[in-house]
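Here is a friendly walk through one protein chain, from its overall build to a few side chains. Have the model open as you read.

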Amino acid sequence: MATADARRRLREQPIGATILLTIVGYTLVLGTFLLDVPIYPDLSLEQVNLLTDLIAVNNAIATVLLAAGWYWIRAGEIAKHRLAMITAFGLILVFLVLYLLKVGGGGTKEFVGPQLVRYAYLIMLAIHILLSIVSVPVVLYALILGLTHTPAELRRTAHARIGRIAAGAWILSLVLGVVTNLMLNHIYGYEFAMVFVPLF
């Protein structure tokens, strides 16, 4: 009964649910970067590097699933599209856990490499971060609509239009994230930077 009631509320108020979930996600990330909350274990360099590689693999798989989901909906294979998109979203939740653990317990890395390459890296990283921030509410809205409406009902919503924007931004963000990860951790180099910003 509670599940049906929650689904009904999501169906009736997808924008409100999107705003609430977006605020929760932003709060988790910003809180990890700005506050020294002692909930993360201290990580060794090996653990940080392992998490970094797990994040890259996770995001590469999510990218493939998103591309497949995009293909399948264009081919009219709704069940495959739905499974691919839900699984990709699940992997993004896994990414969030791994990322917060890595940053909260191990810190962040700054790119060390040739100046021209550094500029390219920073531009790609900035686009990746901006798209990550912007795509959160768009992805959540498309997902909520997809989970709470039948395929026939979805034709009367903004799901297809919003979904195209969400998938495009999400795929580009993930690809840039994987590329910058490879540049930082495997092609060039890095040094650790302070994570927590003193508030006073």
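## Overall build

Of the contacts in the protein chain between residues at least 6 apart in sequence, 84% join residues at least 24 apart; contact here means heavy atoms within 4.5 Å. This is a predicted model, in which local features need pLDDT of at least 70 and side-chain atom pairs count only at pLDDT 80 or more, while totals for chains, interfaces and linings use all residues. Residues are numbered from 1 along each chain as its sequence is written, and side-chain values use heavy atoms, with hydrogens and water left out.

The protein chain has 7 helices and 2 strands, in the order α-α-α-α-β-α-α-α-β from the N terminus. Helices (H or I, at least four residues) and strands (E, at least two) are DSSP runs, numbered from the N terminus.

## Size and surface

The C-alpha atoms of the protein chain fill a box of roughly 50 × 40 × 25 Å along the principal axes. Buried residues (under 20% relative accessible area; exposed is over 50%, partly exposed in between, with a 1.4 Å probe and protein chains only) make up 39% of the 200 residues.

The accessible surface of the protein chain is about 11800 Å², and 72% of that belongs to carbon and sulfur atoms. Accessible areas come from the Shrake-Rupley method with a 1.4 Å probe; for residues, only the protein chains shown count as cover.

## Salt bridges

How many salt bridges does the structure hold? There are 2 salt bridges, each a side-chain nitrogen of Lys or Arg within 4 Å of a carboxyl oxygen of Asp or Glu. One joins the side chains of E153 and R11 (2.8 Å, N to O). This pair links distant parts of the chain, with E153 in helix 6 (residues 151-154) and R11 in helix 1 (residues 2-12), 142 residues apart. R11 counts as partly exposed because its relative accessibility is 34%.

The side chains of E77 and K80 also meet in a salt bridge (3.0 Å, N to O). E77 has a relative accessible area of 29%, so it is partly exposed; K80, at 42%, is partly exposed too.

## A buried lysine

Now look at K102, in helix 4 (residues 78-106). K102 is buried yet has no salt bridge, and the nearest side chain of opposite charge, D53, is 9.7 Å away. Lys and Arg count as positive and Asp and Glu as negative, while His and the chain ends are not counted. Leaving out residues up to four places away in sequence, K102 touches L43, V48, L51, T52, I55 and G107.
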